[in-house]
Amino acid sequence: MSEQSTGSNVEIDWEQARAANRCNWDDRAALHERSYGIDAYDDPAYVSDVVEDDLPVLLHHIGVDSLAGLDVCHLQCHIGTDTISLARAGARMTGVDLSPASLEVARRLAARTDTEVTWVESDVLDARAAVSGDVDVVYTSIGAICWLGDLHRWARQVASLLRPGGVFYLRDGHPMLYTLDEHQPDLRLRYRYFPDGRATRWDDYGTYVGEGRVAHPTTYEWPHPLSEVVGALLDAGLVLERLDEGRTLPWRFMPRMTEVAPGRYAFPEGERDLVPCTFTIVARAR
């Protein structure tokens, strides 16, 4: 098996795919604990670049100056850096992830920084059964929904977690971006934009940040066009309030991307209007 393989389309049972992905994310947890720069969180005022960008938009839609006193559930929280950042904005936080190793790192970081967070191990597609009580905000961010095979089930979980009038916030990598071959020297389409029921299998011993090798390189992802994401949320009964597309990413998707601000990457100047890098959705429970 090579260090990295291009994606191949496969039929696979969700339970099997989820188990493979969980093993991979368990492996990544230790690597990311070393490479996420978590020493920065020793400063009680520090928040992640992701939350620094997301928080003003989220607060605008909630109509408040801070998250103080609000119950917030962070789905697919990984090692908790964004979860702890939201807690520092005043929220009562619950972090949900399927990887026990990731949650162990999150617990250590929360203890180290004296941050109170409730950590819940659960498949996000079963989140409502695992999280007690309705919340004011459900938050999901970069690199999340590509790991889910059934967006309609996901959207129903989101809707069922929210109190009436509660807000769902999602910022993720743009599905158009994910059609590009990240190893090419130019912008070249390679992967599906539209779903066909199959997953994309990857065999990659590396990870997206830092050095080291995972013991379980096989993962499965699913393409989700914007129409599917929006449609799933609408079908779950949520009301769409915002849909934006962005030109920067919080990681270097392709080697040719440049760091335009700390922790923010973009295509070369002449190409930034060609391909969206992220999308943001804000929706509200009825």
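At roughly what angle do the axes of H6 and H7 cross, and within what distance do they come? In this predicted model, the two axes cross at roughly 45° and come within 8 Å. Two packed helices are described by these two quantities, the angle between their axes and the distance between the axes. An angle counts as roughly parallel under 35 degrees and as roughly perpendicular from 65 to 115, so H6 and H7 are oblique to each other. The crossing of H6 past H7 is right-handed. On the H6 side, the contact is made by Leu151, His152, Trp154 and Ala155. On the H7 side, Glu228, Val229, Gly231, Ala232, Leu233 and Asp235 take part.

Helix H6 spans residues 151–161. Its buried residues are Leu151, Trp154, Ala155, Gln157, Val158, Ala159 and Leu161. Helix H7 (226–235) is one of the elements that cover them. The cover also includes strand E2 (71–75), helix H5 (127–130), strand E5 and strand E6 (162–173).

Is Trp147 buried or exposed? Its relative accessible area is 10%, and buried means under 20%, so Trp147 is buried. Leaving aside residues up to four places away in sequence, Trp147 touches Trp14, Asn21, Trp25, Arg28 and Gln76, and also Thr219, Tyr220, Glu221 and Trp222. Ala232, one of the H7 residues in the contact with H6, is 85 residues from Trp147 in sequence. In space, the C-alpha atoms of Trp147 and Ala232 are 16 Å apart.

The cysteines remain to be considered. How many disulfides does a search of the whole structure find? The search finds zero. For Cys23, the nearest cysteine sulfur is that of Cys146, 17 Å away, and Cys23 is in no disulfide. A disulfide needs two cysteine sulfur atoms within 2.5 Å. Cys23 is partly exposed because its relative accessible area is 30%, between the limits of 20% and 50%. Cys146 is in no disulfide either; the nearest cysteine sulfur to it belongs to Cys277, 15 Å away. With a relative accessibility of 12%, Cys146 falls under the 20% limit and therefore counts as buried.

Conventions. Residues are numbered from 1 along each chain as its sequence is written. This is a predicted model: local features need pLDDT of at least 70, side-chain atom pairs count only at pLDDT 80 or more; totals for chains, interfaces and linings use all residues. Side-chain values use heavy atoms; hydrogens and water are left out. Helices (H or I, at least four residues) and strands (E, at least two) are DSSP runs, numbered from the N terminus. Buried means under 20% relative accessible area, exposed over 50%, partly exposed in between (1.4 Å probe, protein chains only). Contact means heavy atoms within 4.5 Å. Axes are lines fitted to C-alpha atoms, for helices over the stretch in contact, and angles run from 0 to 180 degrees between N-to-C directions. Angles under 35 degrees count as roughly parallel, over 145 as roughly antiparallel, 65 to 115 as roughly perpendicular and the rest as oblique. A crossing is left-handed if the near helix is turned anticlockwise from the far one by less than a right angle, and right-handed if clockwise.
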